[in-house]
Amino acid sequence: MGLLDGLLRDKVVLVNGGSQGVGAAIARAAVRAGAVVAVTGRRTEPGEALVAELAAAGGKAMFVRADLADADRAKASVAEVVDAHGRIDCLVNSAGLTSRGTLLDTTPELFDAHIAINLKAPFFAMQAAVADMVARAAPGTIVNIITSSAHGGQPFLAPYVAAKAGLVGLTRNAAHAHRFDRIRINGLNIGWTATEGEDATQRTFHGAGDDWREQAAARLPMGKLGQPAEIADFVVFLLSDRSGVVTGSVIDWDQNVLGGLD
């Protein structure tokens, strides 16, 4: 019997940005924990492939095609889950845009793209999910996947940091606003993580070769990049009743310590 078995039994969980990377790992972990899972993504093929994988393993899952750059689609993703299952119990905002830009070279268009995916989409998905929970007078949980770069980040992540730092503030604001509704909202500041998206980013923006993961791991304290499956297990814990009354927390999931100096 696994540590997470049954933690989300019969819960309806929506993972926005769930068709690959950390989001897909969260969807898999949530199904193993007993949840009914919906995942969103821009591309139909990987989303439907993940749902088929989860169904083959005995899970209940659905795919909702959504370009979360459109705030109306972010809201509609929640509505489609509520239409299908009658409610939403848990929401994970995992979608993220990580394209590069500095303070000096970021265009208004790039800035707006980061705000749309990394801040606006979570805002309106949360709005729709919390509205359903409040209307039913039912408790619920939300986890926002953020980034350790929200503390400041690298110079080439200026628009990304601006949007994700906003999501930190939003997470705490919404948690405070809805604590008496028994809706718990927390965030996870993840560090450098081994995902398909990070592989594409390293190759596109940094000219990385096939061994970039090994080179990166050798420089890190724990000797490895962050692992999506490990992050996913922690997210399931935060979504579940086992995390108790914790709300408004933004937890650093990283192997570098903020403020620590050598």
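In what order do the seven strands of the open sheet stand? The legends below refer to a predicted model.

View 1. The order is S3-S2-S1-S4-S5-S6-S7, with parallel pairing. Strand S3 (60–65) and strand S7 (250–253) are the edge strands; each has a single partner, so one side of each is left without a neighbour in the sheet. From one strand to the next, the twist averages 15 degrees.

**View 2. Pairing of strands S4 and S5.** Four bridges join S4 (residues 90–93) to S5 (residues 140–145) in the parallel sense. Asn 93 stands opposite Asn 144 in S5.

**View 3. Helices H3 and H5 on the sheet.** Helix H3 (residues 71–85) lies across strand S1 (12–16), strand S2 (36–41) and S3, and runs at about 145 degrees to S3. Helix H5 (residues 158–177) packs on the sheet and touches S5, strand S6 (183–190) and S7. The direction of H5 makes about 155 degrees with that of S6.

**View 4. The largest nonpolar core.** This core has 32 residues, and Val 37 and Val 235 have the most contacts inside it. At least two core residues come from each of S1, helix H1 (21–32), S2, helix H2 (44–56), S4, S5, S6 and helix H8 (228–239). H1 gives the most, with eight residues.

View 5. Leaving aside neighbours within four places in sequence, Val 235 is in contact with Ile 26, Val 92, Val 143, Ile 145 and Leu 188. A second, separate core has 29 residues, including Val 12, Ile 88, Leu 91 and Ile 183.

Terms used
Residues are numbered from 1 along each chain as its sequence is written. This is a predicted model: local features need pLDDT of at least 70, side-chain atom pairs count only at pLDDT 80 or more; totals for chains, interfaces and linings use all residues. Side-chain values use heavy atoms; hydrogens and water are left out. Two strands pair if DSSP finds at least two bridges between them. Axes are lines fitted to C-alpha atoms, for helices over the stretch in contact, and angles run from 0 to 180 degrees between N-to-C directions. Contact means heavy atoms within 4.5 Å. A nonpolar core is a set of buried Ala, Val, Leu, Ile, Met, Phe, Trp, Tyr and Cys residues joined through side-chain atoms within 4.5 Å. Buried means under 20% relative accessible area, exposed over 50%, partly exposed in between (1.4 Å probe, protein chains only).
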